[in-house]
Amino acid sequence: MSGFWGHYTYFVTVFLMVAGLYILIARGNLLKKLIGLSVFQTSVYLLYIAPGKLVGATAPILADGYAVYSNPLPHVLILTAIVVGVATLALGLAIAVRIRDAYGTIEEDEILERDRSEPDADAEPLARPERS
Amino acid sequence: METLIVNVLLTGLAVVVVAMALQRNLFGVVVLSGIYSFLMATALVALDAVDVAMTEAAVGAGVSTVLLLGALHLFSSMEAKPLHRPLLPLVIALGMGAVLAYGILGLPSFSDPQAPIHVHVAPVYLSSVMRETGVPNVVTAVLASYRGYDTLGETVVVFTAGAGVIALLRRRKRLKEKDK
Amino acid sequence: MPSILEHAPALQVVLPLAAAPLIVLVRSAAFAWAAASAVSYASLAIAVLLALRVAEGGAISYAIGSWQPPIGIEYRVDALSAFMLVAVSLTAALVAPHARRIVSAEVAADRVYLLYAMYCLCLAGLLGMAITGDAFNLFVFLEISSLAMYVLIALGPRRRALLAAFQYMLLGTVGATFYVIGVGFLYLMTGTLNLVDMAERLQAVEDLRPVLAALAFITVGIGLKLALFPLHQWLPNAYAFSPSMASTFIAATATKVSVYVLLRYYFMVFDPAALFDRLPTRELFLALSVAAMVTASLVAVFEQDVKRLFAYSSVAQIGYITLGIGVDNVDSLTGSIAHLLNHGVTKGAIFALLGGVALRSAGGAMSVQSLAGLGARMPLTALGLVIAGLSLIGVPGTAGFVTKWYLVIGAIDAGLWWVVAAILASSLIAAVYVWRVVEIAYLRPAPAGGRREEAPLSMLVGALGLVALSVYFGLETSFSVGGAREAAELLLGAQP
Amino acid sequence: MKDDIILRVAAKIVMPFMLLFGLYVQFHGDFGPGGGFQAGVIAAAAIVFYGLIFGLDAARRLVPDRLVEALVALGVLIYAGVGIAGLLLGGAYLDYFVLDAHDTVHGQHRGIFWVEAGVGITVSAVMLKLFYMFAGRGQKE
């Protein structure tokens, strides 16, 4: 287990990260950007989890009859990372929904265009408190 | 055999991501991202990360897909054509890939029992978890006790997202009409 | 009560952290303000206490859950983190309690309590980043502070706040993910997440390729968060369009804590001898810092929106802070670390004063022109802006001068005369954009029908308190420079 | 979907089992995969399922908004409170050893039980709140 196949899991991880980051930067649609971000974050799971695997080992739930367990620590870290990922996605979508309400589009080019023509528009015309 | 299963699943992930990048119908992209999460969860099972797999299936394939579909319902479902040639993003992404590739070449091989992560810290969890906490699921023990503070932080992250979404999406009442 | 004082490191973070859910539970704007103010003061008290104890007895290690590191998560307060904790909580204590009026003017009534909850989370996240001794725990707190910040920015009154928040969220999350990748490499090569343990075990690592990759990822990832030139694209809009209270707090603290993280990794985790000498790290930081100091200042000169003007000024000032990494000696690092505090109070003062201006203006954009006649309309606010502006330029007697003094000494010591020239040039450009604001405020007549009304007292007290601090730290430097020097010596491993 | 009798009956039958499964995952996390986070998602899914069949308003009547928002905060407070309890009993923050005066392992069990409960409460409430918020945006006023 060395050479190319010994590092195959890593190579796929790298590919997924590159693809995720590319979708995130290259696309102008905010939803597509969020999906790219999500792929990028998800690919990091493999960077942690794959090295924790030992061939012939079992999941780290102690039981009689097993002696070798895969490494539990990366699992714990990635559980946290998954939660962070979904929290970010939820917030990102919420902001995207508000952007659609305020601008009528979620295409970045069109949003910037509308910013130039109307730079001072309120986020939510009705929401601003009255000035005393 | 185990290694083969893992490698096949990972290759599947790569294929799905390519399809995702090419697809311009956002509904299709969301469906593909659900498939991606399911494949990821399966790969995680093959990598012995059952807790993570269960969470990824519930969160990645479940919650995220539902959230994306819910949001998509409010948006137009076609992505606009990109206006410019995406050369710079490609350069940035490939540059990152090059640094990553450089780094991973020095990492221990897949399933090397002498890798640092298998000889430091983690063996302590595996050997003393029953004596110290009496919890056989080592992931639960580390999550809730040894590194319980991370999990407090993680719960706060969820809380932040929840409170943040309330702050952003709470329906506005027709403001102040009766006050005027 | 010696027993509870033993737990000061935990309480430092847990108090603001627990305040947020309490605020959400109670759902009252008044309670939210009171709770946010209380935890801000409490955080300051705890931070000062910790700093005193570190100064007396050296670094404090606190094992959370009684799990000894590296098995469990360690909180570690040393000279650098104690300094950072005081810097963050000091500005927090002057911002939050005094923001009540502007928050209720800019944010819808039923969201006010959520804004304060986000503030508490952001504070807890930043303090947690500064105090933790664990690489992954740092990521968790980085995310808490970042998510709270995205919400704070998105709550801004204009719709451009939404896009600013979204773009910051994308870049910030990429930054945080880069950080996780970097930590992943370090973890795979050492098997530990505890920063002290990691530093020790890294010395035994033979194949340096993953470590160099980790260095690159952590630099870019944290560089995004700290707005290292040219990764600062998110910053101007994020500062300009967020609610006044949020821009004050974020401008004074957020990027500084990220710099702290970078300093910690560069000098206390990576082996400087092995890594700095293999890569042109110093040259890179010199080039980027000087580029930020000069170009961002130039952009500020031509900027029409006041908040964006001072946001670009922040990018330039961050250049001063990162300059110390490039020069890499005790004096320059002392200047850099002191500037974390000095620039925090100065820029905090400016944004707090602009909050008062926003409260008294018609709303909408705050162009530089809209400051016309400010000297007559709001004399105290205008005077505060002038003094804080002098500190931005680095006039003797202000905090900004102290920083530049040490940076210049450090650069001369290292024989980097072109850096000295760049510091002077950047200060001159700063004088130009500050003068532009002052000239309009004092020499242009106020628009007809404009109200002559000073900002409310509650807001003035906080803002002028920050102005006073930016003068105080220019005259009395035993804490700012003294603490920074101890931290710099700790970083360079020199004996005090 | 509101008018489909089969769906409505099926929903009423299935939902309690989903909640039960959520509880199983919550409390079986010590021995098998699972824990507060996964359980929270499953429990929220049960209510979301109910909301999809019977409509958002019906779900909101079943689990009102105010309650959900309180639970969002309550879970974090429980978790942070376990830490404070550790302090008050003479240990470090989040020290579970001191939660039982005689048996440290029992103390660990107690601590893990309560923090997992806190996680479960906050996660299920947040997931449900997300559903309410996003689905609520889709409805016309």
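## Domains of chain B

The centres of domain 1 and domain 2 of chain B, taken over C-alpha atoms, are 23 Å apart. The model is predicted. In chain B, domain 1 covers residues 1-78. Domain 2 covers residues 115-172.

## Contact between chains A and B

Chain A puts 75 residues into the contact, and chain B puts in 86 residues. On the side of chain A that touches chain B, α2 (8-26), α3 (30-52) and α4 (72-103) each supply at least two residues. The most comes from α4(A), with 22 residues.

What classes of residue make up the side of chain A that touches chain B? It has 52 nonpolar residues, 14 polar residues and nine charged residues.

## Helix α4 of chain C

Helix α4 of chain C runs over residues 79-95 and holds 17 residues. At 1.5 Å a residue, α4(C) should span 24 Å.

Is α4(C) mostly covered or mostly exposed? It is mostly covered, with 17 of its 17 residues buried.

## Cis peptide bonds in chain C

Most peptide bonds are trans. Chain C has a cis peptide bond from Pro69(C) to Pro70(C), with omega near 5°. Pro70(C) sits in the loop between β1 (60-63) and β2 (74-77) of chain C.

Phe229(C) and Pro230(C) are also joined by a cis peptide bond. Here omega is about -5°. Where is Pro230(C) found? Pro230(C) lies in the loop between α10 (209-226) and α11 (235-241) of chain C.

Most residues other than glycine have a negative phi. Asp48(B) has a positive phi, near 70°. Its place is the loop between α2 (26-46) and α3 (50-72) of chain B. Why does Asp48(B) count as buried? Asp48(B) counts as buried because it has 25 C-beta neighbours inside 10 Å, and the cut-off for a buried residue is 20 or more.

Leu94(D) is another residue other than glycine with a positive phi, near 60°. It is placed in the loop between α4 (65-88) and α5 (104-138) of chain D. Leu94(D) has 30 C-beta neighbours inside 10 Å, so it counts as buried.

Definitions and conventions
Residues numbered from 1 in each chain as written. Chains lettered and ligands numbered in written order. Predicted model: local features only at pLDDT ≥ 70, side-chain atom pairs only at ≥ 80, totals over all residues. Contact = placed C-beta atoms within 7 Å. Helix = DSSP H or I, 4+ residues; strand = E, 2+ residues; numbered from the N terminus. Nonpolar A, V, L, I, M, F, W, Y, C, P; charged D, E, K, R; others polar. Expected span 1.5 Å × (residues − 1). Buried ≥ 20, exposed ≤ 12 C-beta atoms within 10 Å, placed from the backbone. Domains from an automatic or database assignment.
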